[in-house]
2 protein chains.
Amino acid sequence: MKFSDWLTYIQQRTETALDAVLPAANVAPDRLHEAMRYAALGGGKRVRALLAHAAGSLTHARPEQLDRAACAVELIHAYSLVHDDLPCMDDDKLRRGKPTVHVEYDEATALLVGDALQTLAFQVLAEYSVSTTASGQIEVIRLLAEAAGSRGMAGGQAIDVAAAGKELTREELEFMHLRKTGALIRAALLIGARAGEGVSEDRRRRLDQYAKRVGLLYQVVDDILDAESDTATLGKTAGKDAAQDKPTYVSVLGLQEARRFAEELLAEANDTLAPLGERGARLREMADFIAHRAF
Amino acid sequence: MKFSDWLTYIQQRTETALDAVLPAANVAPDRLHEAMRYAALGGGKRVRALLAHAAGSLTHARPEQLDRAACAVELIHAYSLVHDDLPCMDDDKLRRGKPTVHVEYDEATALLVGDALQTLAFQVLAEYSVSTTASGQIEVIRLLAEAAGSRGMAGGQAIDVAAAGKELTREELEFMHLRKTGALIRAALLIGARAGEGVSEDRRRRLDQYAKRVGLLYQVVDDILDAESDTATLGKTAGKDAAQDKPTYVSVLGLQEARRFAEELLAEANDTLAPLGERGARLREMADFIAHRAF
């Protein structure tokens with residue numbers, strides 16, 4: 001399948017899978033469930049779902065198992081966006097071209113939507129198999145929890161909040177982003193690979209190196225887009241990092257060096273995959289997609 | 001062991017177990033980890049931990065396994081309190097006799113503390129065995145996720161928020177509280193029992209009936225205490241239900257009928273356990289403790 005067709009195909013599969021695991025909007029409490037669906041459905045590039053499926057192609061994983069992995073990581077991602085947009089965090093009004101959850105509903109609902117989407121991610125992994133064994137499934141749950149928690153994504157957010165108005169070194173910026181964005185991207189890849197047959201130690205190491213590069217790449221490009229694009233193109237408020245005086249790869253490295261760094265990360269990510277041959281094709285295409293996306 | 005000694009013993013075990021699973025305050029991000037410890041350690045009656053241990057005595061579960069079950073449910077409970085106290089929810093300043101997390105730290109930190117405590121609950125269950133089998137462990141994770149999510153605790157909170165200023169029928173109040181408080185209490189009991197040897201269908205059914213009674217009992221007594229006690233005794237703001245115009249068992253039934261209902265629930269809980277004999281002793285003591293506690 002051509003990459004652009006595969007992209008649309010996986011995005012549609014993920015939408016269908018999320019729709020199936022989210023409680024219907026007429027199940028009590030209705031408003032909470034409606035708001036959860038508003039937050040999690042109908043938008044987003046689904047990069048984490050795509051990465052889970054791409055990693056699954058390394059290990060011949062079944063698409064149905066990858067759908068569950070994709071759901072779990074996208075639910076965690078969706079929860080983090082809802083909470084990140086709250087007034088006490090980034091106070092953002094626009095997300096994926098729509099009003100953010102606390103604007104469309106209210107703050108209390110947005111708080112509970114995030115809380116419940118996080119729970120649902122773990123519930124999906126407790127109810128549907130990603131791995132073919134129960135112990136493998138527990139490993140999948142552990143990977144997701146590690147990535148989402150205080151030493152992963154939530155910790156990265158805490159560092160991000162504390163960094164507003166401060167100057168960070170390049171190393172500190174990397175430390176933050178490996179957690180804030182990188183941890184969940186890594187989990188998507190490792191969980192996707194875990195859905196199929198066992199991976200050799202060498203392959204797992206390569207996938208982990210790829211994950212680190214692609215996680216940083218995603219963030220560097222995000223920072224470049226935030227500095228360069230307009231709000232209509234992004235579907236979220238552009239220029240907000242500068243407005244909130246947050247350190248970014250653009251503010252720390254400058255635009256030109258940030259672009260160079262992105263190309264370097266892309267090349268490294270692809271080099272890491274070279275020995276995997278054809279099975280690594282989707283992962284290489286994904287790295288390229290992440291590097292050259294326009295939103 | 002005398003009940004009051006057992007109470008202290010389990011409370012101390014739970015504190016030690018929570019201390020061990022919470023990241024140290026000098027692990028980066030330090031402030032987040034310090035605030036997570038502030039929220040989860042050093043206080044509370046640990047009712048859910050006690051119930052998990054009491055249910056474990058039904059099935060001869062090992063105390064170490066019950067500690068992990070206790071940690072997981074107490075972490076979910078702690079997260080829910082931190083988020084419930086936020087300005088967009090109950091806007092409370094005092095909890096367990098100390099300033100609430102957003103008062104002691106800030107709102108963004110409190111949001112992330114709650115988020116990360118929830119994740120940690122699932123991480124504990126992915127890293128440490130409660131059940132002796134991997135498939136049993138997944139069942140434990142499923143029980144916790146069901147109880148915490150939008151059809152459980154978070155859903156109950158959403159109904160609670162929407163109920164401010166409204167009149168609820170007794171049935172609607174029960175529907176809300178079975179979710180808001182009852183779901184996690186039920187999970188504590190079922191997970192505690194799951195830690196030991198298998199339970200017969202009859203015993204599981206009895207435990208479930210007991211759980212429903214005790215969950216409601218806890219809330220009825222909470223409503224009575226909120227109406228009757230002062231802030232110093234409760235360690236949290238007293239009279240806040242009335243101040244926020246929230247329906248409670250006291251506002252719906254009146255104080256006298258609420259007291260009568262509590263005694264009825266206590267008697268029913270104990271009747272349910274009667275056929276279990278000596279093994280149900282701790283559960284009966286716990287029901288009595290929940291009914292007659294002063295805070």
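User: Through what do the two copies meet in this predicted model?

Analyst: Good place to start! In this predicted model, 100% of the interface residues of chain A are interface residues in chain B as well. The copies therefore meet through the same surface.

User: Which helix of chain A gives the most to the side that touches chain B?

Analyst: The contact takes 43 residues from chain A and 43 residues from chain B. On the chain A side, α2 (30-40), α6 (107-127), α7 (134-148) and α8 (153-163) each supply at least two residues. By class, that side has 24 nonpolar, twelve polar and seven charged residues. With 14 residues, the helix that gives the most is α6(A).

User: Within chain B, are α10(B) and α15(B) roughly parallel or roughly antiparallel to each other?

Analyst: The axes of α10 (residues 201-228) and α15 (residues 281-292) of chain B come within 9 Å. They cross at roughly 20°, and angles under 35 degrees count as roughly parallel. So α10(B) and α15(B) are roughly parallel.

User: What is the class make-up of their contact?

Analyst: Y210(B), V214(B), L217(B), Y218(B) and V221(B) of α10(B) meet L283(B), A287(B), I290(B) and A291(B) of α15(B). By class, this contact has no polar, no charged and nine nonpolar residues.

Conventions: Residues numbered from 1 in each chain as written. Chains lettered and ligands numbered in written order. Predicted model: local features only at pLDDT ≥ 70, side-chain atom pairs only at ≥ 80, totals over all residues. Contact = placed C-beta atoms within 7 Å. Axes fitted to C-alpha atoms, helices over the stretch in contact; angles between N-to-C directions. Helix = DSSP H or I, 4+ residues; strand = E, 2+ residues; numbered from the N terminus. Parallel < 35°, antiparallel > 145°, perpendicular 65-115°, else oblique. Nonpolar A, V, L, I, M, F, W, Y, C, P; charged D, E, K, R; others polar.
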